[in-house]
Amino acid sequence: MTIPEVSIEEVRRIIGSFSIESVRNWLKRCELPSTARSRDELAAKIHGQIAKGELTLDGLSVAIIGIEEASAKRTFLYRVPVSPSTTARIEKQLADLHVTLSDRPIRTTNPSQTTKVVYVVNSTEGLRAKWTEIHTKIEADRIKRQFKETKVPKSIVLIINKMTGLVQLRCDKPEDEHSHPGPNGPTDDAYFAYFREQAENLTGLPFEPIDLRTSLEKLLKATPRIIKTSYTVDQSDDGGYTKRAQKQNGKDVRDLEDWQQMTKSRTVRTFEESPVHWLKEMSGRELHREVFSYIYANEGQVRFDADCYEEEIAYVLSHLV
Amino acid sequence: MSLATWFKRAIAGGASPRLQALLVDVVAYLESRPTNEEIVPKIVGKVIGESELAAMTALSMLERRGITRHHFGVYCGKTEVPLDTFDDLSDVRDGFDCKICDKRHSPSEGTCKVEVYYTVDRDSLGTFAARRSAA
């Protein structure tokens with residue numbers, strides 16, 4: 001088999017500005033050497049692996065789309081009814097809006113200040129869509145008394161599973177300036193609300209938010225433990241709003257005497273939020289490493305790490321919804 | 001007299017009865033704690049009925065005898081969750097990524113805090129406690 005010649009510039013272009021850690025993590029999953037201290041070193045390594053036939057350019061492109069659509073996302077969870085009428089409604093809405101459908105996910109290119117649809121894929125199993133836009137990050141240089149502005153491309157991904165009715169709206173972290181104003185300038189809430197509205201408009205379906213409080217409680221109280229955590233927030237029926245933190249390195253908040261007392265108490269509590277590390281050894285070989293996610297149970301939102309990938313998100317969500 | 005001078009004199013000239021009593025209390029507390037626990041001066045002070053400063057002085061004296069070792073923990077200013085730990089204060093940099101807040105925290109801007117804690121060398125503590133009870 002002949003290996004098509006690929007330039008290192010092409011590899012660099014595909015890797016783009018994604019974090020080195022996320023690309024290295026993908027190489028590790030492919031069981032290929034992944035040590036690289038810089039972006040150039042990483043590009044050279046991947047270029048060499050493609051030349052040796054250990055990787056393909058298509059494989060790299062698919063992996064980069066996966067990183068773009070899964071890593072560092074605030075994932076809002078909703079439900080839509082599972083029924084033939086749901087599917088029919090989506091079909092009609094896409095037709096009414098004259099949406100051009102793609103046959104597979106596409107990588108974001110040329111994002112602009114205004115929101116653009118990158119692709120919409122509609123199949124019998126589900127619907128997947130992606131938008132892109134540019135935000136501006138503003139950092140203050142106190143020594144020079146100047147502000148530094150950086151343009152940051154953002155990707156927002158909608159995934160509807162028509163078999164389960166689960167909807168994921170994955171949003172990148174909002175920056176200081178963007179085109180979604182609140183009452184006094186751009187706000188995070190306005191940005192998230194805009195994309196929920198876009199997603200509902202695209203499908204013609206109202207999204208019902210998922211309350212994760214009960215799932216979080218089950219997760220925190222599960223024995224043997226499948227996660228570790230150093231911080232929890234709960235609200236109780238006697239008016240308490242308690243933030244519990246474990247300040248000692250490597251220890252779990254549930255090892256605290258206070259936690260043990262709380263679990264024996266008859267006071268009714270709702271568990272509002274917690275950062276959790278999903279234990280690899282308790283995942284039944286589904287995880288290849290410990291995975292971090294922050295669960296905002298009250299908002300039905302889960303935040304994932306920058307080097308997270310699709311299968312890890314699926315594992316986390318399988319325990320929450 | 002500054003605390004440092006008082007401290008040096010106390011070490012050089014043998015501890016005063018008050019200091020001896022303080023050390024006995026702190027050693028008893030350390031012995032009662034589980035292995036690998038991080039020892040926080042203000043908690044020690046509360047347990048033995050002394051100030052945080054007195055507890056810290058005793059822990060520092062024990063460090064000179066190889067029983068304790070100080071560390072500087074960096075904690076998220078919002079949640080108190082540990083972000084990093086250092087043995088030397090000069091190594092504490094001015095920016096820490098906090099996974100929980102998904103923000104960069106800085107001690108100089110007050111978005112995270114630095115606190116001292118101690119770890120215990122159990123072997124040295126055992127030897128020291130045995131010697132003291134024999135005396």
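Visitor: In which sense do strand 1 of chain A and strand 5 of chain A pair, and over how many bridges?
Guide: In this predicted model, strand 5 of chain A covers residues 166–172. A:T75 faces A:R170 of strand 5 of chain A across the pairing. Strand 1 and strand 5 of chain A pair in the antiparallel sense, over seven bridges.

Visitor: Which residue of strand 14 of chain A is the bridge partner of A:T75?
Guide: Strand 14 of chain A (residues 301–304) runs antiparallel to strand 1 of chain A, and three bridges join them. In strand 14 of chain A, A:T75 has as its bridge partner A:V302.

Visitor: Which residue in strand 8 of chain A stands opposite A:R79?
Guide: Strand 8 of chain A spans residues 208–209 and is joined to strand 1 of chain A by two bridges, the two strands being antiparallel. The residue of strand 8 of chain A that stands opposite A:R79 is A:E208.

Visitor: How many of the seven residues of strand 1 of chain A are buried?
Guide: Strand 1 of chain A comprises residues 73–79. The strand is largely enclosed by the rest of the structure, because the number of its seven residues that are buried is six.

Visitor: Is A:D234 buried or exposed?
Guide: A:D234 is located in strand 10 of chain A, residues 231–236. Leaving aside residues up to four places away in sequence, A:D234 touches A:T242, A:R269, A:T270, A:F271 and A:E272. A residue counts as buried when 20 or more other C-beta atoms lie within 10 Å of its own. A:D234 has 22 such atoms within 10 Å, so A:D234 is buried.

Visitor: How far apart in space are A:D234 and A:I143, C-alpha to C-alpha?
Guide: Along the sequence, A:D234 and A:I143 are 91 residues apart. In space, their C-alpha to C-alpha separation is 41 Å.

Visitor: Which element gives the most residues to the side of domain 1 of chain A that touches domain 3 of chain A?
Guide: Chain A is divided into domain 1 (8–70), domain 2 (73–209) and domain 3 (213–320). The centres of domain 1 and domain 3 of chain A, taken over C-alpha atoms, are 32 Å apart, and their contact takes eight residues from domain 1 and seven residues from domain 3. On the domain 1 side, the elements that give two or more residues are helix 2 (20–29) and helix 4 (57–70) of chain A. With four residues, the element that gives the most is helix 2 of chain A.

Visitor: How do the residues on the domain 1 side of that contact with domain 3 of chain A divide by class?
Guide: Domain 1 of chain A brings eight residues to this contact. They divide into two nonpolar, four polar and two charged.

Visitor: How many residues of chain B on the side that touches chain A are charged?
Guide: Between the chains, 11 residues of chain B are in contact with 12 residues of chain A. The chain B side has four nonpolar and two polar residues, and its charged residues number five.

Visitor: What pattern does chain B follow along the sequence?
Guide: Chain B has 135 residues, of which 23% are buried. Its elements are five helices and five strands. Read along the sequence, they follow the pattern α-α-α-α-β-β-β-β-β-α.

Visitor: Why are helix 2 and helix 3 of chain B described as roughly perpendicular?
Guide: Angles from 65 to 115 degrees count as roughly perpendicular. Helix 2 (residues 17–32) and helix 3 (residues 41–48) of chain B pack with their axes 10 Å apart. The contact is made by B:D25, B:V26 and B:Y29 of helix 2 and B:V44, B:V47 and B:I48 of helix 3. The two helices are therefore roughly perpendicular, given their angle of about 110°.

Methods:
Residues are numbered from 1 along each chain as its sequence is written. Chains are lettered from A and ligands numbered from 1 in the order in which they are written. This is a predicted model: local features need pLDDT of at least 70, side-chain atom pairs count only at pLDDT 80 or more; totals for chains, interfaces and linings use all residues. Axes are lines fitted to C-alpha atoms, for helices over the stretch in contact, and angles run from 0 to 180 degrees between N-to-C directions. Angles under 35 degrees count as roughly parallel, over 145 as roughly antiparallel, 65 to 115 as roughly perpendicular and the rest as oblique. Two residues are in contact if their C-beta atoms, placed from the backbone, lie within 7 Å. A residue is buried if 20 or more other C-beta atoms lie within 10 Å of its own, exposed if 12 or fewer, and partly exposed in between; C-beta atoms are placed from the backbone. Domain bounds come from an automatic or database domain assignment. Ala, Val, Leu, Ile, Met, Phe, Trp, Tyr, Cys and Pro count as nonpolar, Asp, Glu, Lys and Arg as charged, and the others, Gly among them, as polar. Two strands pair if DSSP finds at least two bridges between them.
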